[in-house]
Amino acid sequence: AKGLSAGPVSVSIETERSAAGTLSSKIGGKFAYAGLNFDKLEAHADGSNVLETSLVPCPGCKMTFKAKKGADLGLEYTAGKMTTTGSLDVLNMSKFSTSACIGVSPAINLGGDLSYNLSGDKAGLSSYNVGASYATGPMFASVTTANKFAQFNVGVLYKVNKDLSLASSTTHSSAKACNVAAIGGSYSGLGSVGTIKAKVGSNGVTSACLVKEIAPKVNLTASGSISGTDTSTFKYGLGIAM
């Protein structure tokens, strides 16, 4: 479940049950103070924590800091139809990443990214990829490369009507001409029930969730997944976002 603002502080609580029957929980929040945005604060049951902050020093420019297992300092800059980003691993000083995206028309976006290892035996250019997206009417499609152009990823979203949307994700490479990574959709036509989302992955795992606003700006999310027809793999979870 994703936090929704219900005032100056947004809070979310999530609990998931694994196939083995164990429960794992996390509590999160976000707020802003003196121009500094705390976009994500999470405490997990295993003792780990997540911190994401952002600051806008001038129009079009945003500085970010993200800490989980590492610590990354980032910069995002937008000028006209072009957006560029940069990220530096400030914990180990081991990696720098950058990306750029430009809108060449109202319907078409083009972009690319690259990463550079700063230290160790693998110092040098570690990855580079490009991508494009196209939107027209109820359809959105995207193509991105992966593994230094060794693989192409294709995503398609089609909005059948105001309530029903369908989507697919496929990968294409020399090893396999077409692999259907996932097919899914969402339906919000049952107002009293909520929004239903479901997908089936190429690994045979079926996932579904129901998102329901149980009070003004308070959302309840019930989710579950199962691998094939093996009921021993069934997992479920509940989340509340305020």
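I began with the pair E42 and K26, whose side chains meet in a salt bridge at 3.8 Å, N to O. I take a salt bridge as a side-chain nitrogen of Lys or Arg within 4 Å of a carboxyl oxygen of Asp or Glu. E42 lies in strand 3 (residues 36–44) and K26 in strand 2, so the pair ties together parts that are 16 residues apart in sequence. I use strands as DSSP runs of E, at least two residues long, and helices as runs of H or I of at least four, both numbered from the N terminus.

Before going on, I noted the ground rules. The model is predicted: local features need pLDDT of at least 70, side-chain atom pairs count only at pLDDT 80 or more, and totals for chains, interfaces and linings use all residues. Residues are numbered from 1 along each chain as its sequence is written, and side-chain values use heavy atoms, with hydrogens and water left out.

Next I looked up the accessibility of the first pair. E42 is buried, with a relative accessible area of 15%, whereas K26 is partly exposed at 25%. Buried means under 20% relative accessible area, exposed over 50%, and partly exposed in between, with a 1.4 Å probe and protein chains only.

I then went through the other salt bridges; the structure holds 3. The side chains of E76 and K62 meet in one of them, also listed at 3.8 Å, N to O. E76 lies in strand 6 (residues 71–79) and K62 in strand 5 (residues 61–67), so this pair ties together parts that are 14 residues apart in sequence. I found E76 partly exposed at 31% relative accessibility and K62 partly exposed at 29%. D163 forms a salt bridge with K162, the closest N and O atoms being 3.4 Å apart. K162 is exposed, with a relative accessible area of 67%.

For the charges overall, I have 21 positive and 14 negative side chains in the protein chain, with the centres of the two sets 6 Å apart. Lys and Arg count as positive and Asp and Glu as negative, while His and the chain ends are not counted. Each charge is placed at NZ of Lys, CZ of Arg, CG of Asp or CD of Glu.

I turned to F31, which is in strand 2 (residues 23–33). F31 is partly exposed at 30% relative accessibility. Leaving aside neighbours within four places in sequence, I find F31 in contact (heavy atoms within 4.5 Å) with P8, V9, L36, N37, F38 and L41. I also checked F31 against N161: they are 130 residues apart in sequence and 35 Å apart in space, C-alpha to C-alpha.

On the surface I located a nonpolar patch of M82, I102, V104, I108, L110, Y134, M139, V156, Y158, V160 and L166, with about 860 Å² of accessible area together. Strand 9 (108–117) and strand 12 (151–159) are the elements that give two or more residues to the nonpolar patch. Such a patch takes residues with over 30% relative accessible area and no salt bridge, joining nonpolar side chains (Val, Leu, Ile, Met, Phe, Trp, Tyr) within 5 Å, and like charges within 9 Å. V156 lies in strand 12 and counts as partly exposed at 32% relative accessibility.

Last, I recorded the whole chain. It has 0 helices and 18 strands, and its C-alpha trace spans about 50 × 50 × 40 Å along the principal axes. Of the 242 residues, 18% count as buried. The accessible surface comes to about 15,000 Å², of which 63% belongs to carbon and sulfur atoms; areas come from the Shrake-Rupley method with a 1.4 Å probe, and for residues only the protein chains shown count as cover. Residues 24 or more positions apart account for 13% of the contacts with a separation of 6 or more.
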